[in-house]
Amino acid sequence: MEERGYVAEALLERLHADGVALRLIGDSSGLAESAPEELAVAVPRELLGELPSLIARFAHDFDFRLVELERRARGAWRAMLAWTDEVGRPRFLAARFFVAEEEGSSPAALFISGLIDAIEGGAVSDERGAWLAQLWREDPQGAMDRLARCWRDEPHARLIANAARHGNWLAIRSRLAELRRGLRRWRLPRLPQPRPAVLFTGRDSAQRANLLVHVQGRLAPLELSMAEQPAGSGFRVVFDGPPDLDHPDAVVVNGDQPLPAMLVHVERAILRWLECRVERRYPDAVVGVNPLSARLLQMPLIGRLAGLVLNCRLECRLRSPLLMPVPMGIVIERGVQLGSRVTVMHQVTIGRRDLVVPRQHGGNLAVIEDNVFIGAGAKVLGPVRIGRGATVGANAVVTRDVPSHCTVVGANRILGHDQPDVAARRREEEYTVVNT
């Protein structure tokens with residue numbers, strides 16, 4: 001099975017298990033072998049607001065990166081998942097969830113829902129056209145009745161009916177704007193969505209231009225705005241910049257490296273930036289619902305004042321929100337690197353192991369990767385790395401590295417570290433399939 005097909009099937013099965021009565025708009029016969037780059041999924045209106053949290057939980061459980069989540073219209077969400085294949089190339093799957101024109105799964109209801117979705121989207125692909133023609137042949141009278149209800153002008157309905165009857169959509173593609181205006185319903189105007197920008201700066205050279213072309217090609221599904229310019233806002237790729245540059249919206253590239261190494265380095269940084277961008281825009285859905293005190297604690301200006309009240313001290317840089325259900329007595333020192341969707345319970349300390357080390361040399365501290373849970377009263381001391389999906393038990397003391405998807409209890413007692421079958425079974429139970 002092709003990877004994207006597997007991811008698409010897993011996403012649809014998860015949403016169905018969560019009670020979402022979804023309908024896939026488009027031909028699903030070959031989904032297992034090769035899924036389209038964007039899934040079109042119709043969902044009930046009352047469940048549309050729950051989709052961001054459901055998609056975020058799916059990405060968390062399967063260890064994908066949620067690099068795009070936005071509301072394209074009043075009744076539609078679009079999400080994009082990213083992962084890395086076995087040879088290190090980035091792969092993507094986009095899914096668009098919207099409220100369909102009609103409920104039900106009859107051929108006529110699917111026909112009108114898929115047709116209006118394609119016309120409002122501004123494109124009728126060959127695959128969508130073949131699927132619509134097949135639905136028309138199954139119930140031509142029902143599809144014609146729905147066309148008459150949706151288009152006030154009879155010539156428009158006849159034009160669509162003729163295209164569906166013969167399977168030729170050239171005339172429809174040339175008049176999409178006219179057909180969209182003729183729909184018998186009120187709708188808000190569609191505003192253009194600004195795309196995230198990636199700026200390539202630093203030493204001007206042929207290598208920098210070559211790197212831009214390759215990154216743009218490999219990340220093409222993201223539709224990023226990429227340019228070589230010194231001004232503007234967005235993520236910056238600094239070619240031959242200062243090696244000590246530490247900025248959440250920038251990455252330094254060493255021109256002495258081979259092109260494949262530079263590509264991997266830049267792509268990981270861009271995907272990480274996009275993931276943090278989604279988490280900052282939708283923290284409740286992606287990270288979790290924080291109490292008001294935890295939100296105030298993580299704000300740049302009033303966080304220090306809130307820390308005095310809550311007996312907390314967050315000195316490290318927060319690239320994405322932390323989940324702190326009980327924000328009391330938490331100490332995270334400067335130099336600690338925190339990943340995405342990290343949960344920190346109360347009375348947790350993450351800092352230096354040796355108090356003699358000067359504060360300005362505290363950069364070599366803990367690295368907490370994504371999806372890590374740190375229980376109440378735990379202590380993470382020194383330059384240790386807590387792997388993705390790991391769990392630090394309550395009152396545990398950690399002074400050495402913890403592998404991904406393992407649990408540490410007590411004083412450095414790592415469960416499953418010395419037994420590969422235990423760690424492998426835990427990864428299987430956590431549904432981790434990529435990015436391990």
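## Overall composition

Contact here means that heavy atoms lie within 4.5 Å. Among the contacts in the protein with a separation of 6 or more, 54% are accounted for by residues 24 or more positions apart. The structure is a predicted model.

The protein comprises 14 helices and 22 strands. Of its 436 residues, 50% are buried.

## Strand β2 and its partners

Strand β2 spans residues 38–42 and is mostly covered, with 4 of its 5 residues buried. Pairing of β2 with strand β1 (residues 23–24) is antiparallel and rests on 2 bridges. Within this pairing, L24 has V41 in β2 as its bridge partner.

Strand β5, formed by residues 90–98, also pairs with β2; here the two strands run parallel and are joined by 5 bridges. L39 finds its bridge partner in β5 at A95.

An open sheet is built from 3 strands, arranged in the order β12-β15-β18 with parallel pairing. Its edge strands are β12 (337–338) and β18 (385–386), each of which pairs on one side only.

Strand β15 consists of residues 367–368 and runs parallel to β12, to which 2 bridges join it. The bridge partner of L338 is I368 in β15.

## Packing of helices α3 and α4

Two packed helices are described by the angle between their axes and the distance between the axes. For helix α3 (residues 107–121) and helix α4 (residues 126–138), the angle is about 150° and the axes are 9 Å apart. Angles over 145 degrees count as roughly antiparallel, and α3 and α4 are therefore roughly antiparallel to each other. The crossing in which α3 passes α4 is left-handed.

On the α3 side, the contact involves P107, L110, F111, G114, L115, D117 and A118. These residues meet R128, W131, L132, L135, W136 and E138 of α4. By class, the residues of the contact of α3 with α4 comprise 9 nonpolar, 1 polar and 3 charged. The charged group includes D117 in α3, together with R128 and E138 in α4.

Note on methods
Residues numbered from 1 in each chain as written. Predicted model: local features only at pLDDT ≥ 70, side-chain atom pairs only at ≥ 80, totals over all residues. Heavy atoms only, no water. Buried < 20%, exposed > 50% of the residue type's maximum accessible area, 1.4 Å probe, protein only. Pairing = 2+ DSSP bridges. Axes fitted to C-alpha atoms, helices over the stretch in contact; angles between N-to-C directions. Parallel < 35°, antiparallel > 145°, perpendicular 65-115°, else oblique. Left-handed = near helix turned anticlockwise from the far one by under 90°.
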